Amino acid sequence: MPDTQDRYDDEYKRKFLVVVDESPECAKAVTFAALRVRRTGGTVALLSIIEPDNFQHWLGVEEVMRAEAYENIEALQARYAANIAAFGSIKVERVIREGKKTDAIEAHIAEDPAVAILVLAAADSSEGPGPLVASIAARGANAFRVPVTVVPGTISDADLAALC
């Protein structure tokens with residue numbers, strides 16, 4: 001009879017979902033997720049969202065802008081995947097969705113039962129934690145079926161490593 005822990009390890013590989021964008025604090029969320037996965041197993045899922053407000057133009061212009069947005073996001077995700085690879089053999093999944101950020105995050109979490117935690121990073125700003133963190137916090141404690149971890153944007157990589 002197989003050991004219960006071995007069966008658990010084989011059957012359940014949780015995903016740490018990180019919303020990847022151009023914000024400076026995003027790197028902290030990616031680093032935290034990579035370090036946690038290195039220690040506990042699972043996958044880092046990089047989710048990027050293209051918001052529809054960016055494409056309110058004529059059809060031809062809209063298609064060009066959407067293609068450019070996908071190219072930029074793919075390049076951004078490739079850079080973060082390379083950063084994650086520096087931590088060791090960590091599985092990375094890349095996802096691109098279109099829609100309003102919080103709605104797209106909620107939909108992805110609902111559609112992927114392996115997502116076990118959402119990792120965000122707060123902005124290093126006197127004006128608040130940033131629009132995404134503020135928007136998710138405004139939804140309340142039960143907005144998602146998974147816990148949300150907010151990594152301080154000011155934390156050092158050494159301190160992150162010590163936490164994980």
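Visitor: Why is Arg97 counted as buried?

Guide: Arg97 has a relative accessibility of 18%, and buried means under 20% relative accessible area, exposed over 50% and partly exposed in between (1.4 Å probe, protein chains only); Arg97 therefore counts as buried. The model is predicted, so local features need pLDDT of at least 70 and side-chain atom pairs count only at pLDDT 80 or more, while totals for chains, interfaces and linings use all residues. Residues are numbered from 1 along each chain as its sequence is written, and side-chain values use heavy atoms, with hydrogens and water left out.

Visitor: What makes the contact of Arg97 and Glu111 a salt bridge?

Guide: The term requires a side-chain nitrogen of Lys or Arg within 4 Å of a carboxyl oxygen of Asp or Glu. The N to O value for Arg97 and Glu111 is 3.0 Å, so the pair qualifies.

Visitor: Why is Glu111 counted as exposed?

Guide: Its relative accessibility is 56%, which is over 50%, and Glu111 therefore counts as exposed.

Visitor: What makes Lys28 and Asp157 a salt bridge?

Guide: Their side chains meet at 3.3 Å, N to O, which is within 4 Å, so the term applies. Lys28 lies in helix α2 and Asp157 in helix α6 (residues 157–163), 129 residues apart; helices (H or I, at least four residues) and strands (E, at least two) are DSSP runs, numbered from the N terminus.
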